[in-house]
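I opened my notebook beside the viewer and jotted down what I looked up, one entry at a time. Come along and follow the notes.

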Amino acid sequence: MDLRAPLTNYPKTLSSIILWRRRPDAGAARRRPESSINNCASRRLSRSIASPPRASSVHDHHHHHHRSLQRPTALGRDSVVARSSAVVAPPTPPPTLLPEMPSPTIRRLDVASPVPADIDIANSVEPLPIADIAAELGLRPEHYDLYGKYKAKVLLSVLDELKAQQDGYYVVVGGITPTPLGEGKSTTTVGLCQALGAFLDKKVVTCLRQPSQGPTFGIKGGAAGGGYSQVIPMDEFNLHLTGDIHAITAANNLLAAAIDTRIFHENSQSDKGLFNRLCPANKEGKRHFADVMLRRLIKMGISKTDPNELTPDEIRRFARLDIDPESITWRRVMDVNDRFLRKITIGQGPEEKGMLRETGFDISVASEIMAVLALTTSLADMRERLGRMVIGNSKSGEPITADDLGVGGALTVLMKDAIHPTLMQTLEGTPVLVHAGPFANIAHGNSSIVADKIALKLVGKGGFVVTEAGFGADIGTEKFMDIKCRYSGLVPQCAIIVATIRALKMHGGGPEVVAGKPLDHAYVSENVALVEAGCVNLAKHISNTRSYGVNVVVAINKFASDTEAEMNAVRNAAMAAGAFDAVVCTHHAHGGKGAVELGLAVQRACESQAEPLKFLYPMESSIKEKIESIAKFYGASGVEYSEQAEKQIEMYTKQGFSNLPICMAKTQYSFSHVPSMKGAPTGFVLPIRDVRASIGAGFIYPLVGTMSTMPGLPTRPCFYEIDVDTATGKVMGLS
């Protein structure tokens with residue numbers, strides 16, 4: 001986008017924060033008398049107005065002398081409230097240590113027009129050592145493990161230390177129903193946080209999902225943001241990061257191997273032989289149950305702990321899971337798009353004795369283990385969730401779990417490091433926690449609960465945590481509220497809905513938008529009537545999101561071809577639909593500076609939030625009642641269940657799983673099940689073709705229409721552009 005910089009129509013004191021660079025001798029904080037604390041920020045600002053700093057470049061920040069501030073940790077956030085009070089002065093806090101100047105990790109960007117490629121922008125900025133970002137956030141070295149210079153795993157033990165700390169404001173970013181090009185939710189999330197942290201002097205943490213290599217090398221590209229609102233290092237963010245997805249892949253496939261191995265051994269051994277191998281005698285001739293086996297015995301209602309005491313019937317029941325191969329829902333995974341692995345036949349080797357079975361691969365982020373990672377609240381909770389994942393049923397209809405297979409503990413070992421969120425930074429030096437990356441159709445499409453909880457404690461009272469929900473608000477935000485917030489107990493104060501003129505024109509009846517093809521003329525020339533017609537989609541998302549009891553702010557991502565009249569039409573429609581505010585943003589072209597007005601609107605929305613969080617349905621409702629509540633939320637007049645769906649609902653209800661929330665798996669391109677139905681369709685009947693369960697993660701997911709869990713590659717995938725500069729080692733071509 002080639003856009004003019006936004007006007008600085010916010011207070012001049014904020015402009016001085018934007019421009020300030022710390023002096024080399026300003027690193028040490030000093031104790032001030034109580035009477036001076038309230039005025040420290042204004043005196044600091046008045047000094048900066050009197051003597052403007054030199055211009056600086058994103059390329060020279062690492063030459064600046066940097067000293068560690070002796071500032072309060074997150075354990076005493078109230079003591080630094082004056083630092084975040086450039087807009088409104090806070091009540092007088094007790095005497096404390098205060099930083100002399102704004103954060104030393106904040107850097108200024110020299111923006112270019114037209115905006116360079118994302119990877120070129122990312123490569124032009126030398127990241128700060130992640131230890132500096134951690135220190136500025138209030139983390140001590142014992143709170144994190146370094147993964148190279150620019151990444152660190154934040155340990156969950158921080159939560160225990162900060163449990164008495166008051167949470168900051170909680171903001172979720174959703175969007176209108178998108179075009180295949182995406183409307184910039186990740187970019188908006190990052191840009192907003194850069195505005196809050198680098199320009200409005202707020203303590204802020206961005207919480208994002210880890211991107212899958214499938215889209216990165218496929219058609220969509222990476223998910224680090226874009227333009228001058230990105231997470232860096234961008235190549236590390238989009239590729240291996242700290243190995244969490246690889247750990248999920250390994251754990252998922254270990255469980256898959258355990259399933260088929262167990263079927264093989266049960267089919268080739270007697271009850272006694274199977275039991276003897278499961279509980280072999282040691283050198284002294286004694287047998288014992290592994291700890292995980294005791295879980296199965298308890299599930300079976302057997303209180304015996306000595307293998308020698310089991311009766312023949314108990315031995316048979318214990319040793320034989322009797323898995324029904326037709327009921328197995330667990331598939332293997334890999335983190336690339338490979339359409340030819342959607343359906344495969346296994347067991348073709350001669351050693352497998354003809355035990356053939358049809359199965360397939362999903363993409364790694366669609367694994368239930370990824371959903372478990374995102375929804376867990378502790379290591380102990382993750383162990384329980386992994387152990388109770390259901391892989392299928394026995395021939396008598398009993399659910400078979402990972403713990404029945406004896407593998408729950410091993411899965412946890414593979415995932416023990418992945419449970420810790422990864423700390424990174426934005427282009428402008430604000431902190432980011434990257435964690436989990438659930439498939440936003442099949443799973444709930446949100447980053448992790450533990451990352452959000454850690455972030456809310458670290459920013460403390462008056463700070464902000466901004467997290468992104470996948471796809472449109474009908475999928476991502478609904479699942480954020482009804483699934484993630486139920487399990488976390490966290491309450492958001494503000495929900496952002498990202499909109500673009502091009503997407504609204506599409507919903508108003510504009511031509512089809514196809515990734516990889518030039519936009520039709522209708523999308524790059526003024527057409528207010530088309531925008532106004534498409535605002536029905538925005539209005540529906542606003543009313544749906546407001547029903548949860550949160551304030552809604554609309555972020556209008558401006559492109560160069562968008563006109564003032566078109567943006568005014570969106571503002572008017574948003575306010576008429578009940579939005580708290582609607583703001584035009586240029587953070588892609590200008591970084592945090594282009595989202596300052598959005599930051600101020602979000603701050604006002606959070607400060608004025610008073611309603612309690614309202615869920616769409618009560619947990620005690622039946623599976624069908626919950627499905628029908630969500631269908632009505634979309635605009636459907638009714639629900640139609642296939643014979644298979646009816647059968648699964650009956651089975652899950654009988655097995656005791658009807659008290660779980662619903663995670664609807666449907667297209668992201670329409671409120672309905674038909675991608676071509678744009679705007680805000682009503683009166684359609686929502687077809688449920690199947691119903692499946694992620695018992696370990698903790699939700700039931702109905703399949704609406706045809707959903708692929710293993711994407712394919714296009715004719716010209718993104719990997720054509722990706723290479724490495726062999727002279728510098730820099731990655732090229734990522735987007």
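**Entry 1: a lysine on a helix**

I began with Lys-632, which I found in helix 24 (residues 623–634). This is a predicted model, so I keep that in mind throughout. Is Lys-632 buried or exposed? Its relative accessible area is 66%, and the cut-off for exposed is over 50%, so Lys-632 counts as exposed.

**Entry 2: helix 23**

Next I turned to helix 23, which covers residues 596–607 and has 12 residues. I noted 17 Å from its first C-alpha to its last, close to the expected 16 Å. How many of its residues are buried? I wrote down 9 of the 12, so I call this helix mostly covered. Among the buried ones are Val-596, Leu-600, Gln-603 and Cys-606.

**Entry 3: salt bridges**

I searched the whole structure and got 33 salt bridges. I picked a few to look at.

- Lys-299 pairs with Asp-404, and their closest N and O atoms are 2.5 Å apart. Lys-299 is in helix 12 and Asp-404 is in the loop between strand 14 and helix 16, so the pair ties together parts that are 105 residues apart in sequence. Lys-299 is partly exposed at 44%, whereas Asp-404 is buried at 5%.
- Arg-316 pairs with Asp-313 at 3.1 Å. Both lie in helix 13, 3 residues apart, which is about one turn. I reminded myself that an α-helix has 3.6 residues a turn, so residues three or four places apart point the same way. Arg-316 is partly exposed at 37%, and Asp-313 is partly exposed at 41%.
- Glu-611 pairs with Lys-614 at 2.8 Å. I noted 42% relative accessibility for Glu-611 and 38% for Lys-614.

I also found a network of salt bridges that links Arg-295, Arg-383, Glu-384 and Asp-403.

I then looked at the second largest pocket, with a volume of about 1,200 Å³. It is lined by 46 residues, and those closest to its centre are Ile-328, Thr-329, Trp-330, Arg-331 and Arg-692. Which strand gives the most to the lining? I found that strand 22 does, with 6 residues. Helix 14 and helix 25 are among the elements that each supply at least two.

**Entry 4: a nonpolar patch**

Last, I noted a nonpolar surface patch of about 210 Å², made by Leu-181, Leu-519 and Val-524. Leu-519 sits in the loop between helix 19 and helix 20, and it is partly exposed at 33%.

Methods: Residues numbered from 1 in each chain as written. Predicted model: local features only at pLDDT ≥ 70, side-chain atom pairs only at ≥ 80, totals over all residues. Heavy atoms only, no water. Patch = residues over 30% accessible without salt bridge, like charges linked within 9 Å, V, L, I, M, F, W, Y side chains within 5 Å. Areas by Shrake-Rupley, 256 points an atom, 1.4 Å probe, with all protein chains shown as cover. Salt bridge = Lys/Arg side-chain N within 4 Å of Asp/Glu carboxyl O. Helix = DSSP H or I, 4+ residues; strand = E, 2+ residues; numbered from the N terminus. Buried < 20%, exposed > 50% of the residue type's maximum accessible area, 1.4 Å probe, protein only. Expected span 1.5 Å × (residues − 1). 1 Å grid on protein atoms, 1.4 Å probe; cavity = no way out; pocket = protein on both sides within 12 Å on 5 of 7 lines; lining within 4 Å. Points joined across faces, edges and corners; volume = space filled by probe spheres on them.
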